Amino acid sequence: MAEYWKGAPVAQAMTERLAVRADQLKGLGIVPTLAIVRVGERPEDLSYERGAVKRCEKVGIRVKQFTLPKESSHGDLLAVIQQINADREIHGCLLFRPLPPQMDEAAICAALDPAKDVDGITAGSLAGVFTGSGVGYPPCTAQACMEILDYYGCDLAGKRAVVVGRSLVVGKPLAMLLLGKNATVTLCHTRTADLASECRRAEVLIAAAGHAKMIGRDHLAPGQLVLDVGINVDQEGNLVGDVDFAAAEELAAAVTPVPGGVGAVTTSVLADHVIQAAYDMR
Ligand code: NDP
């Protein structure tokens, strides 16, 4: 029977550490501040935003929310990003994506000051992740997986890690972070020839593909550590991950639940990055 690697204790431990750092900043006359930029009213964005605001409040980070109607133009959003870049009191910016089709997402991401890119959306931040230079911030979800592995005491050196999904938001940066901890990493995707056998070989298996319960019994092997990044709605309308939880519960040594696993740590990572950005901008 697998151990449940819940996100809440990881987030709690991070929050306690961060609150101390936020207090130190306040002692220097700095209030760490996050700008949240949202275009439209997508329910998943609203839900993440509520979580982020709550987490920031707990830590002692001020949040400035910028919301635009979904019909806004590219220029409208660009002006908001430029305003955030110019505001010395703002240390980090979270931008919800995808953006509506009338906006050039790549150009908007490129316009953000890399120093304020606390969610790894600029080329500068991603370059830092890939070169291991320590410059910039990895995407929060990828980093959240690393925080979970670290909190639960997984030493990645020499372990076979398999990541299913190669997006720039999760899979690719996560592969680099795992590599940085000396895991032997395999990245799987839709063209992977035999996904089940690749997954079975993993000691650490991380699913980030976006398909409900696609990692089933065939993909799992006894004793694995399984992290489920997926957030999907199944046919019954339930929130489920990419992993068949019942199968993982039976076979794996540990599994993160959905909800309450990786997603529960993401906002703490965001808060961590904002505090770090505030320190760096002193
Ligand atoms: P994308 O759709 O951008 O990428 C999905 C990746 O999975 C692609 O690389 C794709 O391969 C691969 N993939 C899809 N289907 C299969 C398959 N059948 N076999 C093998 N590989 C497959 O998704 P994201 O990376 O943005 O998100 C992934 C999941 O994580 C989603 O469920 C999303 O909701 C969730 N998520 C959760 C967050 C959290 O905080 N917990 C935050 C961000 C995302 P290919 O490149 O070949 O198309």
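The structure holds zero disulfides, a disulfide being a pair of cysteine sulfur atoms within 2.5 Å. Take C140: its sulfur is 10.0 Å from the closest cysteine sulfur, in C56, which is too far for a bond. C154 is in no disulfide either, and the nearest cysteine sulfur, that of C145, is 12 Å away.

Are these cysteines buried or exposed? C140 counts as buried at 1% relative accessibility, and C154 is buried as well, with a relative accessible area of 13%. Here, buried means under 20% relative accessible area, exposed over 50%, and partly exposed in between, using a 1.4 Å probe and protein chains only.

## About the model

This is a predicted model, in which local features need pLDDT of at least 70 and side-chain atom pairs count only at pLDDT 80 or more, while totals for chains, interfaces and linings use all residues. Residues are numbered from 1 along each chain as its sequence is written, and side-chain values use heavy atoms, with hydrogens and water left out.

## Two domains

The domain assignment of the chain gives domain 1 (28-113) and domain 2 (140-263); such bounds come from an automatic or database domain assignment. The C-alpha centres of domain 1 and domain 2 lie 28 Å apart.

Helices (H or I, at least four residues) and strands (E, at least two) are DSSP runs, numbered from the N terminus. Strand β2 (residues 33-39) is a well-covered one to look at: seven of its seven residues are buried. Both faces are covered, with T33, A35, V37 and V39 on one side and L34, I36 and R38 on the other.

With strand β4 (residues 92-95), β2 pairs in the parallel sense over four bridges. I36 is a handy landmark: I36 stands opposite Q65 in β3, and its bridge partner in β4 is L94.

How does the chain get from β2 to β3, and what is the hand of the crossover? The chain passes through helix α2 (residues 43-59), and this β-α-β crossover is right-handed. Right-handed means that, with the strands pointing away from the viewer, the path from the first strand over the helix to the second runs clockwise.

## The six-stranded sheet

An open sheet of six strands has the order β1-β11-β8-β7-β5-β6, with parallel pairing. β1 and β6 stand at the edges, each with a single partner strand, so one side of each is left without a neighbour in the sheet.

At the β6 end, five bridges join strand β5 (residues 160-164) to strand β6 (residues 184-188), which run parallel. Among the bridge partners, V163 goes with L187 of β6, and V164 goes with C188. β5, helix α7 (residues 171-180) and β6 make a right-handed β-α-β unit.

## An aromatic cluster

A search of the whole structure finds four aromatic pairs. Rings of Phe, Tyr and Trp (its six-membered ring) pair if their centres lie within 6.5 Å; planes under 30 degrees apart count as stacked, over 60 as edge-to-face and the rest as tilted. One of the pairs is W5 with Y152: the ring centres are 4.9 Å apart and the planes at 5°, so this pair is stacked. W5 lies in the loop between β1 (3-4) and α1 (8-27), and Y152 in the loop between α6 (140-151) and β5, so the pair ties together parts that are 147 residues apart in sequence.

W5 is buried, with a relative accessible area of 4%, whereas Y152 counts as partly exposed at 22%. Y152 also meets Y151: their ring centres are 4.9 Å apart and their planes at 80°, so this pair is edge-to-face. Y151 is partly exposed, with a relative accessible area of 41%. W5, Y151 and Y152 together form one aromatic cluster.

## Helix α10

Helix α10 (residues 263-280) has 18 residues and reaches 26 Å from its first C-alpha to its last. That is close to the 26 Å expected at 1.5 Å a residue, the expected span being 1.5 Å times one less than the number of residues. α10 is mostly covered, with 13 of its 18 residues buried.

Conventions:
Two strands pair if DSSP finds at least two bridges between them.
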